[in-house]
Amino acid sequence: MAAAFTELRMDQLPTDPLLHILSYLDFRDLMHCSFVSRRLNELSKHNPLWKSQCCKHWLLTDDDRLQSGLSWFCLFKQYYTDLGRYIQYYAVLKRAWEQLKSFLQQRCPRMIASLKEGTTEVELNDIEAQIGCKLPDDYRCSYRIHNGQKLVIPGLMGSMSLSNHYRSEVLLDVETAAGGFQQRKGMRRCLPLTFCFHTGLSQYMALEPAEGRQMFESFYPCPDQTAQDPSAIDMFITGSCFLEWFTTYVHNVVTGEYPIIRDQIFRYVHDKSCVATTGDITVSVSTSFLPELSSVHPPHFFFTYRIRIEMSSSASPEAACQLDSRYWKITTSDGNVEEVQGPGVVGEFPVMTPGKVHEYASCTTFSTSSEYMEGHYTFHRLASKEEVFQVAIPRFHMVCPPFREPVVRTQQKALASYTPRFDDHDDDDHDGEYCDGDGDDFDDLRGINMAALEGAWCPRHI
């Protein structure tokens, strides 16, 4: 006898299990379900389902919905109509902007006032028509949230200050960036992202894969100073796309990776292993690469390092001491070792007492793209000058960002390595065609990248 079979219809299924199943679907699948049957059409518009979608994709809150006066479903549709093309980027970039603003409000409040309101789709489309290039969607999405910042100091994208050198990069609004869009040979189809008033330095984004650049990567241009062709421009790569470039920077800011000094963001990088404690004194080091004072051809890489010396607050008063000298052991990536020693640090002989912190910045240059330094300070006790001791400086590495040569140079290399083969003809003639820095060598480097500033773009209304 055949078993009885009862057909189960969709409209007979209980609501709660169906809603639970629908809660695992993304917004596209929910919309598809709405076309299957009348029952699913009703259930797929259940308000709590779209609340989770609004929170996930648009970071909306209950207050946002109450203020709009719409249901969660209608609110999602409203945002999707306006920003739907950016749905894969919006939540990540919106969260990054909110984290950055929250941090700045506490640590650098005057930067908040420099941020500009988001631009519109129409304005972005007009910019694309003006420059004759498509802007990447992650860039467009970020500029819908905030259209860069006003041309003020300090710049949002980080600062650096040494004895006679200052850099602060502004995040350009899209209109100013379009004014600096490059069409010249060597920089074709490149859009500036940042600008520094003091050095003329800009980071650029490649809008097309041309002249050895990859599409949408960001970079600092660095003219080849050994080439006679002005279009030979090396590139220090800073990001593979706008999303990575911006969110990585924000992460470094809000997590404290970049220190705040005098209400400005300084792009020093601190490796947590670069800390050494000797007795009551702790030494930590952070480093930064300066592209505006560096070059690939000839190889000349400029670094600055910031050192923090701290005596424990629990140290006894008798532990008070004064720094007398420094010793450095410098090792380059090609294996060369140099030892340097000298009095004090940047002309100072700091006295350390319980709880005191002394910080200083210095600089150095290398002909290799990576190297490391380590060493020690020599101190004497204030209570007894005869009591001399050493405090370890931890090993710290200095590595420049990846760089790429221009196509014109790689082509020249290929031609130079090519050996022509000639047929034998009797009558034919075939002719085959270190120093530790501490401020001392900074003055020698001021002109290192002046070629980069000749004819450099700057915003028209500065």
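**Sheets, helices and a pocket in a predicted model**

Four strands form an open sheet in the order E12-E13-E14-E18, with antiparallel pairing. Its edge strands are E12 and strand E18 (357–366), each of which pairs on one side only. Neighbouring strands of this sheet are turned by 20° against each other on average, direction ignored.

Residues are numbered from 1 along each chain as its sequence is written, and side-chain values use heavy atoms, with hydrogens and water left out.

Some terms also need their meaning. Helices (H or I, at least four residues) and strands (E, at least two) are DSSP runs, numbered from the N terminus. Two strands pair if DSSP finds at least two bridges between them. Axes are lines fitted to C-alpha atoms, for helices over the stretch in contact, and angles run from 0 to 180 degrees between N-to-C directions.

Let us return to the sheet. Strand E14 (residues 301–311) is joined to E18 by 10 bridges, and these strands run antiparallel. Within this pairing, Arg 308 has Glu 359 of E18 as its bridge partner. On the way into E14, the loop between E13 and E14 holds Pro 298. The peptide bond joining His 297 and Pro 298 is cis, with omega of about 0°.

A second open sheet has 3 strands in the order E3-E4-E6, and the pairing is again antiparallel. Strand E3 (159–162) and strand E6 (194–196) are the edge strands, each pairing on one side only. The twist averages 20° from one strand to the next. Between E3 and strand E4 (residues 165–171), which run antiparallel, there are 4 bridges; Met 160 has Arg 167 in E4 as its bridge partner. Pro 154 is found in the loop between strand E2 (146–149) and E3. A cis peptide bond joins Ile 153 to this Pro 154, with omega of about 5°.

Next comes a hairpin, formed by E19 and E20 with 6 residues between them. Strand E19 (residues 370–381) pairs with E20 in the antiparallel sense over 10 bridges. In this pair, His 376 stands opposite Ala 392 of E20.

I turn now to the helices. How do helix H7 and H12 pack? Helix H7 (residues 90–107) and H12 have their axes 10 Å apart and an angle of about 30° between them. That makes H7 roughly parallel to H12. By convention, angles under 35 degrees count as roughly parallel, over 145 as roughly antiparallel, 65 to 115 as roughly perpendicular and the rest as oblique. H7 passes H12 in a left-handed crossing. A crossing is left-handed if the near helix is turned anticlockwise from the far one by less than a right angle, and right-handed if clockwise.

H7 also packs with helix H10 (residues 137–145), at an angle of about 45° and with axes 10 Å apart. H7 and H10 are therefore oblique to each other, and their crossing is right-handed.

Leu 59 is not a glycine, yet its phi is positive, at about 55°. Leu 59 lies in the loop between helix H4 (47–58) and helix H5 (62–68).

Finally, I come to the largest pocket, which has a volume of about 720 Å³. On a 1 Å grid over the protein atoms alone, a pocket is an open set of points where a 1.4 Å probe fits, with protein on both sides within 12 Å along at least five of seven lines; lining residues have an atom within 4 Å of a point. Grid points are joined across faces, edges and corners, and a volume is the space filled by probe spheres set on the points.

Which residues lie nearest the centre of this pocket? Of the 32 residues that line the largest pocket, those nearest its centre are Asn 252, Tyr 258, Arg 267, Val 269 and Pro 401. Elements that each supply at least two lining residues include helix H12 (242–254), strand E12 (269–278) and strand E20 (388–399). The lining divides into 18 nonpolar, 10 polar and 4 charged residues. Here Ala, Val, Leu, Ile, Met, Phe, Trp, Tyr, Cys and Pro count as nonpolar, Asp, Glu, Lys and Arg as charged, and the others, Gly among them, as polar.

Terms used: This is a predicted model: local features need pLDDT of at least 70, side-chain atom pairs count only at pLDDT 80 or more; totals for chains, interfaces and linings use all residues.
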